[in-house]
Amino acid sequence: MDSKCGCWAILRGSCKTSDSRNSSTSIPRSSLVYDAATETRYLNASNREMCVPDEARNSSEDPNADAVGLEKKAPQQLLEFSFQELKSATGNFRPDSILGEGGFGYVFKGWIEENGTAPAKPGSGVTVAVKSLKPDGLQGHREWVAEVDFLGQLHHPNLVKLIGYCIEDDQRLLVYEFMTRGSLENHLFRRSIPLPWSNRIKIALGAAKGLAFLHAGTEPVIYRDFKTSNILLDSEYNAKLSDFGLAKAGPQGDKTHVSTRVVGTYGYAAPEYVMTGHLTSKSDVYSFGVVLLEILTGRRSMDKKRPSGEQNLVTWARPYLCDKRKVYQVVDPRLELHYSIKGVQKVAHLAHNCLSRDTKSRPSMDEVVKVLTPLHHLNDLAILNYHTRFSQPGRRRLSQRDNRPDGIVHQHNANKPKTIRDSCK
C-alpha cells in the first residue's frame with residue numbers, strides 16, 4: 001500500500017468505545033420493553049444523545065463488525081494528511097474558521113492544493129472541511145474508524161465525499177469536501193428567510209436517494225443517524241449525507257435485523273430500535289419520516305419551547321397527515337401558500353407511512369424515491385389556487401373560519417380537531 005494511504009491495521013487496531021457513552025442520559029433497561037406506554041415515554045423524551053447501559057449490549061455485536069463487508073478493502077483512494085498540513089490548511093485551527101461542532105468535535109474550514117495534501121492559501125486550491133476528534137468526545141476512535149471505513153468505500157452523488165484523514169499520535173482528523181450551504185438544519189430553523197418549497201422537495205429527494213443507495217445490494221448499510229444536521233447542501237441545494245460514525249452493516253442473508261447498542265438522537269430514532277436494539281433499514285425509514293415532517297412543518301422533531309402536546313413533532317402532526325383538508329394546518333406558515341397543494345398531500349401521506357408503528361408497513365427507500373421524484377415538477381401552488389378562486393365570479397366568498405379558500409386551512413390559528421382519521425385510506 002502506498003505510504004500516503006497509511007496502514008489500515010493501525011486504523012483498526014485500537015478501536016475503543018468512548019466511556020462517555022455510559023452517561024446519565026442512558027436509557028433504563030426497562031425501556032427496552034415494547035408496549036404503548038413505553039412508546040409514549042419515548043415520544044415525549046427530551047432531544048438528547050442516546051445510549052444504553054452495558055447490559056443492554058448482550059448481543060452478537062462484534063467490536064469490529066460495524067464495517068462488515070467493507071473492512072476487507074483498505075480505502076486506497078483516500079489521502080493521508082499530516083497534522084501539520086491540516087494545521088496550516090486551517091490557519092492553525094482558527095476560531096473564526098469553525099464551521100460547526102458536534103459530539104465528534106469541531107469542524108474547520110481549510111484549503112489544500114489540488115490533487116495533494118499540501119496546504120493552500122485561503123481562497124485558493126480546494127476548499128475543505130476538516131473535522132477534529134475531541135480526545136474525550138462522545139464519538140470515539142471506533143466511530144472515527146467507521147466513518148473512514150464506510151465513506152472510504154461508498155461513493156454516490158448524495159453522500160458527502162471523504163477526501164482523506166490524519167492519524168498521528170493522539171490526533172484523529174477527517175477531511176471532507178466543503179459543502180457551501182451548510183446543513184439543512186440551519187436552513188430550516190436558523191435562517192430568517194424560509195427555505196422555498198421546491199428546494200425542500202429537492203433536498204428530501206436527494207437525501208432519500210442517499211439512503212436508498214446505502215440500503216441497496218447484498219451488503220446494505222444502515223445509516224443510523226439520519227437528521228437535519230447531517231444533511232449537507234452544496235451551492236445548488238443538492239443534499240448529501242454526512243457523518244457516518246454511527247453507520248452499521250445491515251443484516252445479510254436470512255437475518256432480519258442486527259442487534260446493536262442503541263445510539264442516535266431522540267426524536268429521530270425509531271421507537272422499536274430504542275426499545276429492543278434491533279436495527280433494520282426500516283429504522284432509517286422512520287428517521288426519514290421525521291425529517292420529512294420537519295421539512296413540511298418547519299418545526300424541530302423535539303421542541304420544549306412549544307406548548308404541551310406540540311413538543312414532540314411526530315405526536316403532534318401524525319393525526320393531521322391523512323386528512324386532505326386539515327393537513328394544511330401543519331404546513332410551515334412561513335411559506336405563505338407558496339407550496340404545491342398536491343405536493344403537501346403526497347409528502348404528508350409519505351411521512352405518515354414512514355412513521356408507521358408497524359415496521360413492515362413502512363416503505364423502502366426505493367419506494368420513497370419513487371413517490372418524491374414527480375413532486376419536484378408540480379406547479380399547483382396554493383397561492384395560485386387562492387387567487388384563481390378569489391377572482392372568479394361567485395367564488396369570492398372566503399371561509400368565515402380562516403379567511404382562506406375552501407380546502408386551505410389557516411395555519412396560524414389552527415387548533416387540533418377532536419377527532420381526525422389516524423390512518424390513510
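A: Let's start with a term: a residue is buried under 20% relative accessible area, exposed over 50%, and partly exposed in between (1.4 Å probe, protein chains only). Asp225, at 7% relative accessibility, therefore counts as buried. This is a predicted model, in which local features need pLDDT of at least 70 and side-chain atom pairs count only at pLDDT 80 or more, while totals for chains, interfaces and linings use all residues. Residues are numbered from 1 along each chain as its sequence is written, and side-chain values use heavy atoms, with hydrogens and water left out.

Q: Where does Asp225 lie, and which residues does Asp225 touch?

A: Helices (H or I, at least four residues) and strands (E, at least two) are DSSP runs, numbered from the N terminus. Asp225 belongs to the loop between strand 8 and strand 9. Contact means heavy atoms within 4.5 Å. Not counting residues up to four places away in sequence, Asp225 touches Asn230, Leu246, Gly264 and Thr265.

Q: How many helices and strands are there in the chain, and what share of its residues count as buried?

A: The chain has 12 helices and 14 strands. It holds 425 residues, of which 54% count as buried. Among the contacts in the chain with a separation of 6 or more, 71% are between residues 24 or more positions apart.

Q: Which aromatic rings form a pair in the loops around strands 8 to 11?

A: Rings of Phe, Tyr and Trp (its six-membered ring) pair if their centres lie within 6.5 Å; planes under 30 degrees apart count as stacked, over 60 as edge-to-face and the rest as tilted. By this rule there are 10 aromatic pairs. One of them joins Tyr106 and Phe108, a tilted pair with 6.2 Å centre to centre and 50° between the planes. Another joins Tyr223 and Phe244, an edge-to-face pair with 5.0 Å centre to centre and 65° between the planes. This second pair links distant parts of the chain: Tyr223 is in the loop between strand 8 (221-222) and strand 9 (231-233), and Phe244 is in the loop between strand 10 (239-241) and strand 11 (248-249), 21 residues apart. Both Tyr223 and Phe244 are buried.

Q: Is Tyr106 exposed, partly exposed or buried, and which aromatic cluster includes Tyr106?

A: Tyr106 has 35% relative accessibility, so it counts as partly exposed. Phe108, at 7%, counts as buried. Phe83, Phe93, Tyr106 and Phe108 form one aromatic cluster.

Q: How is the packing of two helices described?

A: Two packed helices are described by the angle between their axes and the distance between the axes. The axes are lines fitted to C-alpha atoms, for helices over the stretch in contact, and angles run from 0 to 180 degrees between N-to-C directions. Angles under 35 degrees count as roughly parallel, over 145 as roughly antiparallel, 65 to 115 as roughly perpendicular and the rest as oblique.

Q: At what angle do the axes of helix 6 and helix 8 cross?

A: The axes of helix 6 and helix 8 (residues 281-297) come within 11 Å and cross at roughly 175°, so these helices are roughly antiparallel to each other. Helix 6 contributes Trp197, Arg200, Ala204, Ala207, Ala208, Leu211 and His215 to the contact, and helix 8 contributes Ser281, Asp284, Phe288, Leu292, Ile295 and Leu296.

Q: How do helix 6 and helix 11 cross?

A: The axes of helix 6 (residues 197-215) and helix 11 (residues 365-372) come within 8 Å, crossing at roughly 155°. They are therefore roughly antiparallel to each other. Residues in helix 6, including Ile201, Leu205 and Lys209, meet residues in helix 11, including Met365, Asp366 and Leu372.
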